Amino acid sequence: MRAPRAWRWFDELTGLSRGLGPILRHPVPPAGRSAWLYVLGSATLVAFLLQVVTGTALATGYVTSSGDAYDSLRFISGTAVGRVVRGAHAYGASAMVILIGAHAIRVYLMGAYKYPRQVNWLSGAALLLLTLGMAFTGQLLRWDQTGYWTAVIAAEQAGRTPALGDWIGHFVLAGSTVGGATLSRFFATHVFFIPGLVYLAVALHLYLVLHNGISEPPVLGRPVEPATYRAWYREHLEREGRPFWPEAAWRDAVFAMLVVAVVLGVAAALGPPELGRPPDPTLIDASPRPDWYFLWYFAVLSVIPKWSEDVVIVLGPLLLVVFLVALPLVAGRGERHPLARPWAIAGVAAVVVLVWHESRVGAVAPWSPRFDARPLPADVVGATEGPIATGARVFYDRGCLYCHLVSGRGGIRGPDLSTVGDRLSREQLLTRIYSGAANMPSYVTKLRGQELESLLAFLASRQRNAP
Amino acid sequence: MIAPAPSGPPEGGRRRFLSRLSILAGAVAAALVGIPSGRFLLGLRKVPQVWRRVGSLDGFAIGNTVEVTFLDPSPLPWSGVSARTAAWLRRIGDQRFLAFSVHCTHLGCPVRWLPDAELFMCPCHGGVFYEDGRVASGPPPRPLVQYPVRVRGDAVEILTSPVPITGPRPEASELGHYRGGANACERRARGGGSTS
C-alpha cells in the first residue's frame with residue numbers, strides 16, 4: 001500500500017513518521033494478566049482532553065462576571081446540546097478525579113515509582129494535586145449559591161495560615177468582599193493557570209514514560225537495584241518487548257473510548273448537575289455542600305477535635321504534598337511487589353476506607369441542624385394539653401429538635417431522646433439543659449417561667465413504655 | 001536531526017560571555033513581563049468603608065433580630081447580586097443596635113437566626129452562637145463578628161466591612177482580649193448611635 005503523494009510530501013518536509021513512528025512503536029514489556037491495569041494513566045489523559053474540549057465549548061457561552069455567570073449557565077443548560085456538554089464536563093471531572101486516583105493507587109501498589117521512575121511519580125503527583133485544584137475551582141464556577149459560599153469557605157480555610165492568613169484570605173476573594181473580581185480570579189485559575197501547568201506536567205510525564213520506559217509488572221522477590229536496573233530493563237525489552245502501537249495501545253484506546261462513552265451517556269441521560277439558587281449572599285438559608293470529591297474533607301473538618309483544626313486545615317494539605325514528594329526519594333529501591341510491602345496495602349486500604357466512610361458521613365452531615373424539622377405531632381407527644389404538650393412545643397421552639405431525635409423525628413447531632421425518660425433523672429436532665437456541652441448550647445438563661453418545668457415533663461415522658 | 005555542537009576552544013571567554021548574556025537577556029525579558037503582571041494579580045482593590053442605610057428607625061422593633069441587606073462599597077458594575085451583603089440587625093434600645101456578620105467564624109457559612117431559640121445556627125458544621133454572638137457550641141473558634149451601626153436621624157446605617165477572615169484559632173488569653181474587642185465594637189456602635 002502506497003501512501004498518498006500529499007502525505008509523502010508532508011512527511012519528507014517534517015520528518016514526522018521518522019520522528020514519531022519509533023516513539024509509537026517503542027517496545028514495552030509484556031504486562032501479562034495485569035495488562036488492563038496499565039490503561040488508567042492514558043484514560044486519565046483522555047478524560048483531561050475531554051475536559052479541555054467540553055470546557056472550551058462551555059467557555060464560548062459562559063460569561064465570566066459575578067453578576068451574569070449564573071444566568072449564562074442557565075442559558076447553556078437550557079439548550080439541548082449545551083445541556084449535554086455541561087453534563088459531560090461535570091461527569092468528565094468526576095471521571096478524571098476517579099481515574100487519576102486509581103492510577104496513583106495502581107502505581108503506588110505496584111511500586112512503579114521506584115528507580116528510575118521517581119520523577120515520573122513527582123510529575124504525576126503534581127498532576128494529582130492540579131486535578132484536585134481543577135475540581136475545586138470548577139465547582140465554584142457553577143456560581144450558584146453553593147459556588148458563592150465555596151469562595152468564602154476557600155478564603156476562610158486559606159485564612160487559617162499563620163501570620164499571612166488575613167491577606168491570603170482576601171487574596172483568594174480578590175478583594176475585601178466577594179464581588180466582581182472574585183469569579184474572574186477563579187475563572188482564570190480554572191481555565192488558564194492550572195491547565196497551563198497541567199500541559200507542562202503532562203508533557204514531562206509522557207516524556208519520562210518514554211525515557212524510562214513503562215514499568216514492568218512487579219515480581220515477588222525481584223527488588224529494584226539501581227546499579228543494574230537499566231541494563232536489565234534494556235535486555236528484558238530486547239528479549240520480550242512488544243511494540244506499544246498497537247499491541248498495548250489497543251487496550252488504552254478501547255478503555256478510553258468506554259470512559260468517554262460512559263461520560264457522554266450519563267450526561268445525555270441525566271443532564272448536568274442542577275444549578276442551585278442564584279449567588280445572592282442575602283439569601284441566608286443556604287446550606288453549602290461540596291461536590292462529592294471533597295465531601296470527605298467536609299466531614300473531616302467536622303469530626304476532628306477543635307484544637308487540631310488549624311493544624312489539619314493548614315498542615316493537612318502540606319503533609320499530603322510532603323508525602324507525595326518524599327515517597328519516591330525515600331523508598332526509591334527495593335521490593336516492588338505489593339505482597340512484599342504489606343504497609344503499602346494497609347496504607348491504601350486505610351485511605352480508601354477513610355475517604356469512602358467520611359464521604360458517606362459528609363453526605364448525611366449528622367452535625368448539621370435539621371432546619372426543616374416540624375413540630376412533633378400529638379401522637380408522638382402523647383398529649384394535646386398540659387405540661388407535656390407545652391414542653392414538646394418548647395422543645396421545638398427552642399431548637400432542641402433540630403439536633404435531637406424524638407421517635408424518628410428531628411436532627412441527629414445530639415443523643416436520641418426518644419427514651420431519655422428511662423435513662424436520665426430529673427437532676428441529670430436539669431444539669432444538661434443548664435450547662436450544655438461542647439456541642440450543645442446552655443439554656444440556663446433561655447427558659448422562662450414554666451418553660452423549664454414543661455420541658456422536663458416532656459423529656460421525662462419520653463419512655464419506652466410511655467405511661 | 002540536530003547536528004552535534006561544533007567543537008571549538010572549550011569554554012572560551014567569548015562563549016562564556018555570550019552564554020551569560022543570553023541568559024541575562026531572557027531574565028530581563030521575563031522580568032519586564034512578569035513584574036507588572038504579577039503586581040496586577042497580587043494587587044487587591046482597596047475600597048473605603050462606607051455607611052450604608054439599611055432601613056428607617058421605626059422599621060425595627062426593639063428586641064427583634066432581622067436580616068438587613070446592603071450594597072458593598074463601590075461594587076464593580078458587573079458584580080450583580082454578588083455585591084450585596086446581609087447582616088443580622090437587632091434593635092436593643094431606642095437608638096441602639098447590634099449588627100452581626102452572617103459569616104460563621106468557623107469556615108464562613110451563613111448563620112441563621114432562630115428567633116424562638118434565640119440562637120444563631122450554622123448549616124455547615126453545626127456551629128451555634130448565643131444571641132450576643134458568643135460561641136454556644138460546635139467548632140467556631142470566635143464569636144460572631146459585629147458591624148458598627150449608627151443612627152442618623154431616621155436612618156439606621158451599617159459600616160461596610162471586609163468579609164471577616166477568622167484566621168488561626170486564638171489562644172485562650174487572646175480570646176479574652178478578642179471578646180473585649182467585640183465589646184469595643186459594640187460600644188462603638190452605641191457611641192455612633194448617640195452622636196446622631
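This is a guided tour of a predicted two-chain model, stop by stop, with what to select and what is there.

Residues are numbered from 1 along each chain as its sequence is written, and chains are lettered from A, with ligands numbered from 1, in the order in which they are written. Because the model is predicted, local features need pLDDT of at least 70 and side-chain atom pairs count only at pLDDT 80 or more, while totals for chains, interfaces and linings use all residues; side-chain values use heavy atoms, with hydrogens and water left out.

**Stop 1: chain B.** Chain B has two helices and eleven strands, and from the N terminus on its elements run α-β-β-β-β-β-β-β-β-β-β-β-α. Of its 196 residues, 45% count as buried, a term that means under 20% relative accessible area, with exposed over 50% and partly exposed in between (1.4 Å probe, protein chains only). Among contacts (heavy atoms within 4.5 Å) in chain B between residues at least 6 apart in sequence, 54% join residues at least 24 apart.

**Stop 2: the interface.** Now show both chains: 68 residues of chain A are in contact with 57 residues of chain B. The two chains bury about 5100 Å² between them, 60% of it on carbon and sulfur atoms; buried area here is the accessible area (1.4 Å probe) that two parts lose on being put together, summed over both. On the chain A side, select A:E156, A:I284 and A:F371, which lose the most area to chain B and together account for 13% of what that side buries.

**Stop 3: the nonpolar cores.** A nonpolar core is a set of buried Ala, Val, Leu, Ile, Met, Phe, Trp, Tyr and Cys residues joined through side-chain atoms within 4.5 Å. The largest such core has 56 residues, and those with the most contacts inside it are A:Y62, A:W143, A:L183, B:W88, B:V111, B:F120 and B:F129. At least two residues of this core are supplied by each of α4 (69–78), α6 (118–141), α7, α8 (165–173), α9 (180–212) and α12 (292–303) of chain A, and likewise by each of β3 and β4 (97–101) of chain B. The largest share, eight residues, comes from α7(A). Centre the view on B:V111, which, not counting residues up to four places away in sequence, touches A:I284, B:W88, B:S101, B:V102, B:C104, B:F120, B:M121, B:C122, B:F129 and B:L144.

**Stop 4: the largest cavity.** On a 1 Å grid over the protein atoms alone, a cavity is a set of points where a 1.4 Å probe fits but cannot get out, whereas a pocket is an open set with protein on both sides within 12 Å along at least five of seven lines, and lining residues have an atom within 4 Å of a point. Grid points are joined across faces, edges and corners, and a volume is the space filled by probe spheres set on the points. About 100 Å³ of space lies in the largest cavity. Of the 15 residues that line the largest cavity, select A:Y148, B:R84, B:T85, B:H103 and B:V163, the closest to its centre. Both α7 (145–158) of chain A and β3 (84–91) of chain B supply at least two residues of this lining, with the largest share, three residues, coming from β3(B).

**Stop 5: the second largest pocket.** This pocket has a volume of about 790 Å³; of its 34 lining residues, the closest to its centre are A:Q51, A:L58, A:H89, A:G138 and A:H190. α5(A) gives the most to the lining, with eight residues.

**Stop 6: backbone details in chain A.** Select A:Y115 and A:P116, which are joined by a cis peptide bond with omega about 0°; A:P116 is found in the loop between α5 and α6. The peptide bond from A:W245 to A:P246 is also cis, with omega near 0°, and A:P246 is found in helix α11 (residues 244–270). Finish on A:A365, a residue other than glycine whose phi is positive, near 50°; A:A365 is found in the loop between α14 (342–364) and α15 (378–381) and counts as buried, at 1% relative accessibility.

Key:
Helices (H or I, at least four residues) and strands (E, at least two) are DSSP runs, numbered from the N terminus.
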